[in-house]
Structure formats: C-alpha cells, structure tokens
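User: I would like to learn how to read a structure feature by feature, going from a helix and its surroundings to rings, charges and pockets. Could you take me through one example with care?

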Amino acid sequence: MEVDRPIIIFGTGRCGTTIFHRLFSMHPEVTWLSDLCERHPNRPELNRRLMKALEYPILNNHLRKRYGPGECYGFWEHHCRGFRDPCKDLMASDLSIKSKHNLRKAMSSLTTRKRNRLLTKITGWPRLGLLSEIFPQARFVHIIRDGRAVANSLINIGWWLGWTGPENWRWGPLSATHREEWFSHDQSFVVLAAIQWKILMDASENAKKLIDGSNLLEIKYEQLCSDPVNLFKEIVEFSELDWTTEFEEQIKPFKLNSANFKWELELNNTQKRALHEVLEHHLTRYGYL
C-alpha cells in the first residue's frame, strides 16, 4: 500500500520538534518510527506490529513507556544513503531511483489499517526537495523558535559539533559573510551557533519554494507552549485527520513551559550583544524583534 499524505515535521533542531512529535504521535490515526526501526531498519514489519499493538488500550501505556517516536536516522540511512549527515540540503536531484524505491517500499510497510497515516520528523537540513520527490502529497509542518534560544540551547548540549569548528560540523563551509561575522566576534561559539540557526533557516526558506504552499504549515514553539490543544486542532485539520476526544484527553495534561528566557539569564552581556548583531535581520523576519 502506498504511503498516503505522510506528515513530516521539520525544524532546525533545539526548536521543540521532539515534544511536538511526541504529542502528535498520540493521535490514533498515525504511525510513527520507533527504536525498532533504528535497531532493525531492514525489518519495518516489526514497527508495524508495534503500531497494531498500540491499538489495544491495555497494551498502549505499557508499550509507550518502552518505545517512543524518534527520528531514526539509521532507518533512513539504510534505505537512502547519505540521508543522515549530508553537508548540504538534499534535493530531488540527490535521490537515486534505488533510494526512492527503497524508501517508498519501507515506509509502506509501516502503516496499519487504523494507523494509516505516517508521521515522522527530521531536524537540521529540511530535505524538502528530496522528500517531496518521494512523497508528492506529503504534509510538512515547520516548527520555528527564537534563534537566540536555539543558539543558547546548542552550546549547552554535549553533541554539538560547533565546538570543533565549522570545518568539522555538518553545515558546510562558512560563506564569506558568515566567516566575517564569526571572526568579527572573536570566533565566539555562541555566534557560531547563531550562524548555524541562520544557515538552516535560510535552507528552509529555499526548500519551501520547492513544494506546494498548501502542503506546508508553519507554527512557532511559543504557540505550542502557550496553547497546545488549539494549536493541535489547527494541525489536525491541516493534516486531514479527525479530531477525537481520545486525542484531546491525551494531550490536555501536558504543560509545556517555554524555555526561551534561558538565553537572557545564562549568557553574558557580550554574548547577548553579539547575538543581537548577528541575528537582528532574521529575528525581525520571524517576528522575534
């Protein structure tokens, strides 16, 4: 069975996609990639069995404690070489006939009769050109967060590659403009994290031109924190899913507290001034200034 209108969440990373994905995965009509896909990428039927088991209330809570939705890059990489860590955004021209066939076949093995809509998320490069070539009717949900909060979050996680310099990260060489920005701020790592956010946001702007605008919905992390139920009503309608009492009751208890204030408390004045100088244009574009 062909995958019908998959729902693909994307964002820069550190922007709220994980909690959004987790909440959305509670919808009874969606199938999502679990750790079974990561551990057994050549056996998607195992994940399908998990989805069928989730349809039984007596098993649902128990299984969700053990298995949760993930990005599962090992699964993507197994079926589409280069998907995990490309040095640039992926376009339709980067997709081989073999990878297109493999991904369509693997994804079609995941859904069930009841959970017949695929929900997945990716971060970093948007990859919309490649994904829309595989799934022309995909629905894309773009999550945006204040770049100052994203930059601060990046420098506080252990796996951020910026500490080793832009020669060793995943986002390609710095442009002349970005290199000048970085060096003019004494190669500040906070500034480098901000530049990373700008690179990925610019890539998203370019990628959005490659898809039908009616298949794209943009939401802000701040909306998710302030009013998740009403936001999800909009998202469910956009995704052409049913709004159910069951889904509403599952997401209602979640209280999401915005962590956007942390950058103001945790960064020194020099770092905050640098962030403003480097991000002013983009923050204004996305309504944060």
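**Reading a predicted model**

Analyst: The buried residues of α3 are covered by several elements, including β2 (30-32), α2 (35-39), α4 (57-66), α5 (73-79) and α6 (97-108). Please keep in mind throughout that this is a predicted model.

User: Which residues of helix α3 are buried?

Analyst: In α3, which spans residues 44-54, the buried residues are Pro44, Leu46, Asn47, Leu50, Met51, Ala53 and Leu54.

User: How should I read a pair of aromatic rings, and how many aromatic pairs does a search of the whole structure find?

Analyst: A pair of aromatic rings is described by two quantities, the distance of the centres and the angle of the planes. Here the search of the whole structure finds 13 aromatic pairs. In one of them, the ring centres of Tyr73 and Phe83 are 6.5 Å apart and the planes are at 35°, so this pair is tilted. Because Tyr73 belongs to helix α5 and Phe83 to the loop between α5 and α6, the pair ties together parts that are ten residues apart in sequence. Tyr73 is buried, with a relative accessible area of 17%, and Phe83 is also buried, with a value of 0%.

For another case, take Trp182 and Phe183, whose ring centres are 5.5 Å apart and whose planes are at 75°, so that the pair is edge-to-face. Trp182 counts as buried at 5% relative accessibility, whereas Phe183 is partly exposed, with a relative accessible area of 39%.

User: Which residues form one aromatic cluster?

Analyst: Phe20, Phe24, Phe232, Trp243 and Phe247 form one such cluster.

User: Where do charged ends sit over rings?

Analyst: The charged end of Arg145 sits over the ring of Tyr221, at 4.3 Å from the ring centre, and the charged end of Lys220 sits over the ring of Tyr288, at 4.5 Å from the ring centre.

User: Which residues other than glycine have a positive phi, and where are they placed?

Analyst: Asp186 has a positive phi of about 55° although it is not a glycine, and Gln187 likewise has a positive phi, near 55°. Asp186 is placed in the loop between α9 (176-184) and α10 (189-208), and Gln187 also lies in the loop between α9 and α10. Asp186 is exposed, with a relative accessible area of 70%, while Gln187 counts as partly exposed at 36%.

User: Let us turn to a single residue. Is Thr17 buried or exposed, and what does the side chain of Thr17 contact?

Analyst: Thr17, which lies in helix α1 (residues 17-24), is buried, with a relative accessible area of 2%. The side chain of Thr17 makes a polar contact with the side chain of Lys121, at 3.1 Å. Leaving out residues up to four places away in sequence, Thr17 touches Ile9, Phe10, Gly11, Lys121, Thr123 and Ile143.

User: Which element gives the most to the lining of the largest pocket?

Analyst: That element is α1, with five residues. At least two residues of the lining are supplied by each of α1, β3 (117-123), α8 (147-154), α10, α11 (221-226) and α14 (262-266).

Technical notes: Residues numbered from 1 in each chain as written. Predicted model: local features only at pLDDT ≥ 70, side-chain atom pairs only at ≥ 80, totals over all residues. Heavy atoms only, no water. Helix = DSSP H or I, 4+ residues; strand = E, 2+ residues; numbered from the N terminus. Buried < 20%, exposed > 50% of the residue type's maximum accessible area, 1.4 Å probe, protein only. Contact = heavy atoms within 4.5 Å. Phe/Tyr/Trp six-rings, centres within 6.5 Å; stacked < 30°, edge-to-face > 60°. Lys NZ or Arg CZ within 6 Å of the ring centre and 35° of its normal. Polar contact = N/O pair within 3.5 Å; in protein donor to acceptor, adjacent residues only side chain to side chain.
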